[in-house]
Amino acid sequence: MFAAYAARIDADDPLSGLELGERPEPVARPGWSVVTVRAASLNHHDLWSLRGVGLPAEKLPMILGCDAAGVDEHGNEVVLHSVIGQTGHGVGPDEPRSILTERYQGTFAQQVAVPTWNLLPKPAGLSFEEAACLPTAWLTAYRMLFTNAGVKPGDTVLVQGAGGGVSTALVVLGKAAGLRVWVTGRDGAKRDRAVELGADAAFPSGARLPERVDAVMETVGAATWSHSVKSLRPGGTIVISGATSGPSPAAAELNRIFFLELRVVGSTMGTKEELAGLLSFCATTGVRPVIDSVLPLDGAPDALARLAKGEVFGKLVLTP
């Protein structure tokens, strides 16, 4: 079957390790299902995999892609929950949880195998392309807001970094839930688009805000960390789910964190139950993922290059 896969690891030039070509079809095994992929979406995790983060060389070649929606062997339209081994279904009892492409072949292919437990019904109102955007970026945003932030309708939330998959999801989900949402970003056009999506205000990166916020959604990391801490009201919460600009800020702001009794909460992906909640939320509210563009699977190199350069607003989707 045709696939986009990591053939080599290169921390400095990750895209050089990406290849397109034929790979073996997945083999069905007890407790697992083979899904025909109709759409798969890109995540920064794919770029990290090409750099060797979470993907050791002995696992190569590895088909990339965490997220997908498709049709199972029984003809059911399904969405994949990307975390394997979260409950032990389909894997050994001592196997730690992993994300597709770390231990198991991913979704940038015509077919993918996952534990049957990891499949959820695709709501009829969502297209395959829309559904494929949900299991990583949108699920991450859903868990950040509704499980870990401790916010309620009417609270003010700051989203650092306008334009990315998680950031746009935070804006759309936050507004649908009755939050006041502010965003920051370096690119004026992306800030304007965030406002079009529903953000109540958009500011340049690092700008002084009109008032302190109840919670900050942090995915940028080192470049915005000090601003995130300084933007919080006393007792407020930072939820961090990524560090695309690096994990080591110049100042950890520890004095401010303990003196103002701020909460720093780590957040990774989400549970199958939370994904079911997100699918239901989208189906009942009419909320839909923001899609930058849809490309054929052989356009994976161009799509990953755009993702690496930050030339994306919303999600990039591949169709086999």
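I shall go from the overall dimensions to the sheets, and then to some individual residues.

First, the conventions. This is a predicted model, in which local features need pLDDT of at least 70 and side-chain atom pairs count only at pLDDT 80 or more, while totals for chains, interfaces and linings use all residues. Residues are numbered from 1 along each chain as its sequence is written, and side-chain values use heavy atoms, with hydrogens and water left out.

Let me begin with the whole protein. It has nine helices and 18 strands; these are DSSP runs numbered from the N terminus, helices being H or I of at least four residues and strands being E of at least two. The radius of gyration is 19 Å, close to the 20 Å that the globule rule gives for 320 residues, so the protein is as compact as a globular protein of that length. That radius is taken over C-alpha atoms, and the globule rule is 2.2 Å times the number of residues to the power 0.38. Along the principal axes, the C-alpha trace spans about 55 × 45 × 40 Å.

Of the 320 residues, 53% count as buried. Buried means under 20% relative accessible area, exposed means over 50%, and partly exposed lies in between, with a 1.4 Å probe and protein chains only. The protein exposes about 13,200 Å², of which carbon and sulfur atoms supply 51%; accessible areas come from the Shrake-Rupley method with a 1.4 Å probe, and for residues only the protein chains shown count as cover. As for contacts, meaning heavy atoms within 4.5 Å, residues 24 or more positions apart account for 71% of those with a separation of 6 or more.

Now to the sheets. In what order do the strands of the six-stranded open sheet run? The order is 13-12-11-14-15-16, with parallel pairing, where two strands pair if DSSP finds at least two bridges between them. Strand 13 (201-204) and strand 16 (263-266) are the edge strands, each pairing on one side only. From one strand to the next, the twist averages 20°. For angles, axes are lines fitted to C-alpha atoms, for helices over the stretch in contact, and values run from 0 to 180 degrees between N-to-C directions.

Within this sheet, strand 11 (residues 156-159) pairs with strand 12 (residues 180-185) in the parallel sense over four bridges, and Leu 158 stands opposite Trp 182. Helix 4 (residues 165-176) lies across strands 11, 12 and 14, running at about 165° to strand 12.

Strand 12 also pairs with strand 13, again parallel and over four bridges, with Thr 184 opposite Phe 203. The chain passes from strand 12 through helix 5 (residues 188-197) to strand 13 in a right-handed β-α-β crossover. Right-handed here means that, with the strands pointing away from the viewer, the path from the first strand over the helix to the second runs clockwise. Strand 15 and strand 16 likewise pair in the parallel sense over four bridges, and Val 239 has Val 265 as its bridge partner. The crossover from strand 15 through helix 7 to strand 16 is right-handed.

A three-stranded open sheet has the order 2-1-4 and antiparallel pairing. Strand 2 (18-22) and strand 4 each have a single partner strand, so one side of each is left without a neighbour in the sheet. Strand 1 (residues 2-6) and strand 2 are joined by five bridges, one of which links Phe 2 and Glu 22. Helix 9 (residues 300-309) lies across strands 1 and 2, at about 160° to strand 2.

Finally, some individual residues. The peptide bond from Leu 60 to Pro 61 is cis, with omega near -10°; Pro 61 sits in the loop between helix 1 (44-50) and strand 4 (62-63).

Which backbone angle deserves a look at Thr 101? Its phi is near 90°, a positive value in a residue other than glycine. Thr 101 is buried, with a relative accessible area of 0%. Glu 253 also has a positive phi, near 60°, and is buried at 16%; it lies in the loop between strand 15 (232-240) and helix 7 (254-259).

Thr 116, by contrast, is partly exposed at 39% relative accessibility. It is 83 residues from Ser 33 in sequence, yet 5.1 Å away in space, C-alpha to C-alpha. Not counting residues up to four places away in sequence, Thr 116 touches Gly 31, Trp 32 and Ser 33.
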